[in-house]
Amino acid sequence: MIPAPFDYVRADSADAALAALREHGDDAKLLAGGQSLLPLMKLRLATPGVVVDVSRAADLAYVREDGDVLAIGALTRHCDIVSAEVVTAHAPLLAHAASGVGDRQVRHRGTIGGSVAHADPSADLPTALLALDASYVVRGPAGERTITATEFATGFLETVLAPDELLIEIRVPKATGEAWGYQKFTRRAIDWATVAVAVQARGGGTAISLGNMGSTVLRAASAEAALAGGASAADAAQHADDGTEPAADVTASADYRRHLARVLTKRALAAAGRS
Amino acid sequence: MAESAGHATCSRTVSILGTRVMRVEDPKFLTTGGVYVDDLRDPRLDGAGHVTYVRSVMAHARVTVDVAAASGVPGVLAVVTAADFADLPPPPPPLGFIPPALARPWLANGVVRYVGEPIAAIVTESRYAGEDVAELVSVDYEPLTAVVDPRDAAGDATLLFADHGSNTALAFEAGSLDGLFDDCEVVVTQQITNQRVAPVPLEVRGTACVWEGSGDDARLTFWASTQSPHGARDQIAAALELPPERVHFIAPDVGGGFGAKFGVSIEDLVLAVLSRRLGRPMRWTETRTENMLGMGHGRAQLQTVTIGGTRDGRITAYSLDVLQDSGAYPHFGAVLPFMTQLMATGTYDIARVAVRTKSVVTNTAPVVAYRGAGRPEATAAIERAVDLFAAEIGLDPAEVRRRNLFAKDAFRLTTQVGAAYDSGDYAGALDAVLAAAKYDELRAEQRRRRDSGDPMLLGIGVSNYVEITAGPEAGTEFARINVKPDGSVIVYTGTSPHGQGHATSFAMLAADELGVPLDRITVLHGDTDLVARGGGTGGSRSLQLGGAAVHQGALETVDRARELAGDLFEAAAGDIVLDKARGGFHVAGSPDDVRGWAEVATSADADAGLIVDTDFSATGATFPFGAHVAVVEVDAETGYVRLVSMTTVDDAGPVINPVVVEGQRHGGIAQGVAQALFEEVRYDEDGNPQSTNLTDYAFPSAAELPDFTLVDMATPSPLNPLGVKGIGEAGTIGATPAVQNAVVDAVAHLGVRHIEMPTTPERVWRAIQEASK
């Protein structure tokens with residue numbers, strides 16, 4: 001890997017990272033696990049002037065209960081989410097989705113905050129977090145603000161994050177004992193999802209989110225509405241791709257992605273006990 | 001294995017051949033790692049300039065290059081373009097019969113013909129700086145029509161090489177098309193794409209070189225990641241218009257080649273010129289993206305098969321039409337249809353056969369040799385054709401195969417297309433693999449699932465194959481056996497292993513004849529100053545030629561040693577016996593007085609020991625064969641294919657080391673499966689590559705592959721004293737059609753007759769949709 005030249009700054013706390021972002025502004029890019037940024041730098045699609053390395057910011061790596069919410073530090077690595085008992089107990093969908101990210105090496109480097117902030121619509125964690133009604137705590141010069149998963153991503157690899165803001169925490173409402181399902185379709189184990197579907201039951205309702213069915217992760221609003229209106233899972237799943245505009249690429253055509261969204265929604269609903 | 005009859009004066013010991021000796025090269029690779037070109041720390045390379053190529057981003061264009069901005073940057077030693085090579089003719093094409101008008105220039109000379117073609121070379125003090133400076137070279141592209149589809153190329157509407165007057169580089173043919181199918185009750189025809197795939201060696205290409213001496217005494221030392229050191233040396237010498245002895249070529253550890261590293265590429269050759277001009281050593285190591293763009297690809301044939309015969313399953317006529325995509329500059333790929341033609345009829349005794357092939361140039365990366373090189377394409381075509389024929393007449397595909405195989409007692413035989421098969425038992429291989437796979441039970445399970453409406457469909461695919469190794473011409477290979485004065489042995493071979501385990505297998509061959517323990521034997525290769533001559537490793541030639549040469553050299557060494565021992569004992573050589581268990585010689589009937597190898601070797605030459613050079617020459621190529629059964633599950637809703645099992649018979653004659661042979665079979669099967677299910681190099685209609693990294697190029701991992709069940713079978717070849725044939729490419733030849741046939745078989749009851757490779761989930765899903773319309 002031979003990226004374009006860049007300066008390197010190490011920031012071992014959230015405050016140090018914010019200070020570095022303030023100093024370097026647009027020219028800076030945050031490096032957490034590096035699993036998304038480094039491939040882009042390798043291809044010179046990303047050419048940041050300054051790389052701010054937050055990977056050792058220990059104050060951002062944690063998983064803890066906060067009342068009805070799981071609070072997960074942005075620098076928590078995928079492997080730690082997979083194995084955290086509070087996650088498997090209160091948000092098993094998230095633990096399961098994290099267990100299928102990339103390969104073992106990726107899961108030991110990649111972070112939940114990096115995955116969320118990178119906003120790749122085919123990524124596992126943003127798909128699961130959208131179905132879990134998660135929200136994201138962001139800190140900047142003006143203090144903290146909380147953004148819902150629905151509002152966070154604005155386009156392909158684009159979010160509401162300002163250049164001087166740092167994602168610090170992912171807040172997941174507990175879904176203890178609730179049914180869930182996750183269906184990820186790939187050709188190879190290490191691939192990004194061709195299409196992924198996450199289903200999370202909560203208090204009698206059912207949330208359905210779609211990975212790689214548009215420029216951001218999406219809720220399958222028509223299918224959710226059909227379910228809420230009493231439709232069978234099979235019938236609701238037929239609406240999973242309503243209103244979506246999936247991409248066509250070397251892996252799949254848009255038509256095939258739509259078909260997969262319907263099949264995988266049916267299966268994820270079945271896994272969540274909906275028939 | 002028994003000792004050959006001419007050496008009955010050796011006392012018998014238990015042979016090491018055929019035993020599971022662990023590979024002696026592995027501890028290094030598993031611990032400290034190999035020393036590849038990029039790892040070289042030879043002091044002569046200190047201060048080397050680093051070469052970076054500026055590559056075309058368009059498939060076909062006139063180019064004007066401005067290097068001014070790059071040349072002035074501190075740390076830049078040189079920026080060169082085609083103009084700087086005006087005094088040197090283009091290097092000779094890698095094969096003699098490629099038309100000279102299609103020779104590629106040193107660097108793109110006014111026209112680029114594929115994305116990734118080198119336009120300029122930058123030499124910098126540091127590797128990192130090269131990539132940055134490359135962005136400062138300004139290339140003005142004036143687009144020309146990109147010819148991407150070989151069918152368009154064959155139409156000659158846009159010519160890639162005006163001087164050649166046609167896009168056709170080469171054509172071969174065999175047999176007559178007249179009345180070929182006249183008496184057939186059933187005729188089936190199908191167009192088949194044998195898609196372009198990438199070799200993907202783990203070690204990418206790399207080169208280092210240095211000139212020493214001056215004037216006519218100047219000599220080039222050149223390291224590169226190659227499969228064929230002597231061929232590479234000759235290629236470099238020819239390109240530089242030097243006698244070969246002025247080039248010292250060294251292949252250090254090589255991390256895979258798969259055919260694509262036979263010889264050296266243009267990017268390697270340029271370094272020799274730059275090094276001479278700048279008076280500095282040079283280094284180049286490509287990136288993975290460059291490797292995917294520029295090393296060359298394999299396969300890339302469009303085929304039309306037509307197969308005819310009787311309703312009771314007798315195949316009587318077959319035709320194969322091949323349109324070979326050679327890429328922008330004809331390389332091995334342009335010639336490989338000859339191998340496809342030679343192996344066109346596979347294991348089947350077909351009365352009438354006709355083959356037509358044409359190789360055309362396109363605005364894509366050159367097509368090179370890739371594991372199997374022309375034979376997998378032949379096998380894929382006939383094995384798909386047999387399945388289509390079986391489906392048409394409603395017979396079990398395994399049974400149709402059995403009714404058409406060459407009989408065991410028919411060998412040696414020459415096929416309708418002129419291949420001289422040496423030995424085989426094709427029905428034996430088929431029966432063995434069907435039994436091991438429990439074929440009848442699989443068919444019953446398939447029926448059960450279909451009858452019950454199970455959405456997880458079972459598919460069973462069968463292939464029979466025969467291939468040609470160490471061909472097509474009769475081959476030769478060199479070996480030197482040097483018994484040192486201390487009794488240790490160095491075996492020099494002209495083959496050039498890059499993963500094949502020659503250091504183990506060839507040492508076993510020497511140990512078996514010399515009675516010297518393995519840990520006293522070293523195998524050397526890859527250095528043209530140490531090894532007098534050699535053909536390298538490719539085309540599965542090494543054991544049957546290089547191994548046979550080591551075996552022959554060891555026997556000749558024993559003969560010479562008996563003469564020397566006879567002098568020591570003051571006895572006739574004919575009375576001297578080698579006691580392999582004790583590693584020494586004695587007079588027949590007097591086993592107590594033994595003179596060891598050290599003493600005998602010292603008596604030959606106190607410094608050098610005993611040296612015997614030999615060349616083994618085969619009288620013909622050999623024809624390994626086998627049969628594969630693939631089982632897949634197809635998700636009828638999504639088209640997803642899961643490979644459930646692979647059971648294979650791969651008969652390459654007697655096995656010297658099962659560990660090595662199983663490794664070759666495993667890797668080959670995996671690559672064969674990869675072509676059937678996963679891999680495809682794709683270009684868009686403008687010739688832009690769509691698969692330049694291992695995310696977009698679906699290179700499978702262990703997670704996608706099941707355990708393989710390997711069934712042993714050994715039918716000796718009469719063409720070498722070891723009876724061995726090549727095993728390196730068998731897996732890629734047998735596995736691909738077995739898996740493709742299994743995928744089609746899974747959905748055949750729905751009316752599907754063919755699915756192109758790779759049989760991606762979407763392709764399978766679409767085939768089901770089409771069939772159910």
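Two residues are said to be in contact if their C-beta atoms, placed from the backbone, lie within 7 Å. The views below show a predicted model, in which local features need pLDDT of at least 70, side-chain atom pairs count only at pLDDT 80 or more, and totals for chains, interfaces and linings use all residues. Residues are numbered from 1 along each chain as its sequence is written, while chains are lettered from A and ligands numbered from 1 in the order in which they are written.

**View 1. The contact between chain B and chain A.** Chain B brings 19 residues to this contact and chain A brings 14 residues. On the side of chain B that touches chain A, helix H3 (127–134) and helix H19 (761–771) of chain B each supply at least two residues; helices here are DSSP runs of H or I with at least four residues, strands are DSSP runs of E with at least two, and both are numbered from the N terminus. Sorted by class, that side of chain B holds seven nonpolar, five polar and seven charged residues, where Ala, Val, Leu, Ile, Met, Phe, Trp, Tyr, Cys and Pro count as nonpolar, Asp, Glu, Lys and Arg as charged, and the others, Gly among them, as polar.

**View 2. Chain B as a whole.** The secondary structure of chain B amounts to 19 helices and 28 strands. Its radius of gyration is 28 Å, close to the 28 Å that the globule rule gives for 773 residues, so chain B is as compact as a globular protein of that length; the radius is taken over C-alpha atoms, and the rule is 2.2 Å times the number of residues to the power 0.38. Along the principal axes, the C-alpha atoms of chain B fill a box of roughly 90 × 70 × 50 Å. Of the 773 residues in chain B, 57% are buried, a residue being buried if 20 or more other C-beta atoms lie within 10 Å of its own, exposed if 12 or fewer, and partly exposed in between, with C-beta atoms placed from the backbone. Among the contacts in chain B between residues at least 6 apart in sequence, 80% join residues at least 24 apart.

**View 3. The seven-stranded sheet of chain B.** Seven strands of chain B form an open sheet in the order E3-E5-E1-E12-E9-E10-E11, with mixed pairing; two strands pair if DSSP finds at least two bridges between them. Strand E3 (76–80) and strand E11 (247–250) of chain B are the edge strands, each of which pairs on one side only, and the twist from one strand to the next averages 20°. Helix H6 (residues 266–278) of chain B lies across E1, E3, strand E5 (118–124), strand E9 (206–212), strand E10 (219–224) and E12 of chain B, at about 30° to E9(B); axes are lines fitted to C-alpha atoms, for helices over the stretch in contact, and angles run from 0 to 180 degrees between N-to-C directions.

**View 4. Strand E1 of chain B and its two partners.** Strand E1 (residues 49–55) and strand E12 (residues 282–285) of chain B pair in the parallel sense over two bridges, in which Gly49(B) has Met282(B) as its bridge partner and His50(B) has Arg283(B). With E5(B), by contrast, E1(B) pairs in the antiparallel sense over six bridges, and His50(B) stands opposite Thr124(B) there. Seven of the seven residues of E1(B) are buried, so E1(B) is largely enclosed by the rest of the structure. Gly49(B), Val51(B), Tyr53(B) and Arg55(B) are buried on one face, and His50(B), Thr52(B) and Val54(B) are buried on the other.

**View 5. The three-stranded sheet of chain B.** Strands E22-E23-E24 of chain B, in that order, form an open sheet with antiparallel pairing. Strand E22 (576–579) and strand E24 (590–596) of chain B stand at the edges with a single partner strand each, so one side of each is left without a neighbour in the sheet. Three bridges join strand E23 (residues 584–587) of chain B to E24(B), and Phe585(B) has Arg595(B) as its bridge partner. Helix H15 (residues 542–569) of chain B packs on the sheet, touching E22, E23 and E24 of chain B, and its direction makes about 120° with that of E22(B).

View 6. Chain A has 12 helices and 14 strands, and 51% of its 275 residues count as buried. An automatic or database domain assignment provides the domain bounds, which divide chain A into domain 1 (7–52), domain 2 (62–173) and domain 3 (180–271). The C-alpha centres of domain 1 and domain 2 of chain A lie 19 Å apart, and their contact takes 12 residues from domain 1 and 17 residues from domain 2.
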